[in-house]
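Subject: Structure handover and findings

Hello,

Here is the structure for your files. My notes follow below it.

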Amino acid sequence: MEKLPASSGELNNVIIVSTTLKNRYLIQITSTDLFRKWNAAFRLAAFEYKSLQEAYTASLLSSRGSLLSDIRVILAESKYQHEDWVSVRFGAGMPWKRCYAVIDPPPKKQSKKKNFKPGFVQFFENEKKNKKISMATITNANAIYAVYPQNFKIIDLSTMIKLEGKVLFNKNEGEKDTSIFLMPEQHSAVPGFDTLIRFIIPLMDSFNLYGRPKRLNADKSDINSLLFALPVLPKVHYLQVEDLLGLVSSPSTLDWSSHDWSRAIKEILKVKIAKGYDGCISNEGAAAAAASSFSSRSRSRTNNSGNSNSSLNSPLLTSSQNSRSFSPLSDRGGAVFEKFNNNSRS
């Protein structure tokens, strides 16, 4: 905020950072120019975080989805409700609640002249599914992705999903924009990635995201793809902070939601990609990319000398088609994802 009312007078050039509902920090910048650069940096960091999570989701689907014997059935267009017990948290800092989730697919008949009519997700206290006493309803979503765990050793065990969209708690209060965290409960003798994939695909279908319910979109130049604008190594950044200065300088962006920012940044990238752009790099990014590449090669040699059937133990996901390491930041990312689509449909 360029101006924030306070008891001691107005505070200029203030950025409000909220980590939870209770922890809120005010950062006051000394000049307007610096304020805009910091604002752009925060916006870009948030966008890159979400985009990398989406790319991780694509990697997880391609490397682990192919291992499921009934993946063709899972990827078939959803016609029925998907139900399961989940732990859900409606926003950062909110308590986790165990409830019964019901994912409704979109209506079968869609008007070609009107916008897509999405399905919805309802949460209940038990399996009786009384619509009159539902805890909450997700009415729309603009992003759904698997959350990369804090420790790469539990990638195969994690079931956490994040959804960004609109939720309705009470009809009198109306819809609210929020981020929702979901953890489908694992079933006996079923790995976490299996549970996650079986839940996240119907979610994407319900809200017509990333090419679903038809086929997952692997086109890096398509705004609706999980892999949109993914940088190609050794480039590791989507954009530079300077690319966003025009946006943060505009008064019209002060009231933008996170979805508005994401959409605007994607438009900037879309123009660049049309001219052959494939990411950018900094000195810090180059060093990190080199270290990551060396680390992945070391792990690959260690894994090859041991049990070739060991579970995933590197953030550089392994393609089910061969033993080479697969990174979502490589130029093979889209190809592997597309191959997964083709194999699942054949």
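Helices (H or I, at least four residues) and strands (E, at least two) are DSSP runs, numbered from the N terminus. This is a predicted model, in which local features need pLDDT of at least 70 and side-chain atom pairs count only at pLDDT 80 or more, while totals for chains, interfaces and linings use all residues. Residues are numbered from 1 along each chain as its sequence is written, and side-chain values use heavy atoms, with hydrogens and water left out.

Backbone first. Most residues other than glycine have a negative phi, and most peptide bonds are trans. Here are the exceptions I would look at.

Two cis peptide bonds come up. One runs from arginine 212 to proline 213, with omega near 10 degrees. The other runs from leucine 233 to proline 234, again with omega near 10 degrees. Proline 213 sits in the loop between helix 3 (192–206) and helix 4 (245–248). Proline 234 lies in the loop between helix 3 and helix 4 as well.

Then the positive phi values. Alanine 189 has phi near 65 degrees and is not a glycine. Its place is the loop between strand 10 (175–184) and helix 3. Burial uses relative accessible area: buried is under 20%, exposed is over 50%, and partly exposed is in between (1.4 Å probe, protein chains only). Alanine 189 is exposed, at 81%. Tyrosine 210, in the loop between helix 3 and helix 4, has a positive phi of about 60 degrees. Tyrosine 210 is buried, with a relative accessible area of 6%. Asparagine 208 follows helix 3 and has a positive phi, near 55 degrees.

Next, helix 3 itself. Helix 3 has 15 residues and spans 22 Å from its first C-alpha to its last. That is close to the 21 Å expected at 1.5 Å a residue; the expected span is 1.5 Å times one less than the number of residues. How much of helix 3 is buried? 14 of its 15 residues are, so helix 3 is largely enclosed by the rest of the structure.

Now the salt bridges (a side-chain nitrogen of Lys or Arg within 4 Å of a carboxyl oxygen of Asp or Glu). A search of the whole structure finds 11.

- Glutamate 77 pairs with lysine 214, with the closest N and O atoms 3.5 Å apart. This pair links distant parts of the chain, 137 residues apart: glutamate 77 is in the loop between helix 2 (71–75) and strand 5 (82–90), and lysine 214 is in the loop between helix 3 and helix 4. Glutamate 77 is partly exposed at 41%, whereas lysine 214 is exposed at 56%.

- Glutamate 185 pairs with arginine 98, with the closest N and O atoms 2.5 Å apart. This pair also links distant parts of the chain, 87 residues apart: glutamate 185 is in the loop between strand 10 and helix 3, and arginine 98 is in strand 6 (residues 97–104). Glutamate 185 is partly exposed, at 25%.

- Arginine 198 pairs with aspartate 194, with the closest N and O atoms 2.4 Å apart. Both lie in helix 3, four residues apart, about one turn of the helix. Arginine 198 is partly exposed at 28%, and aspartate 194 is buried at 11%. Salt bridges that share partners join Asp70, Asp194 and Arg198 into one network.

Best wishes
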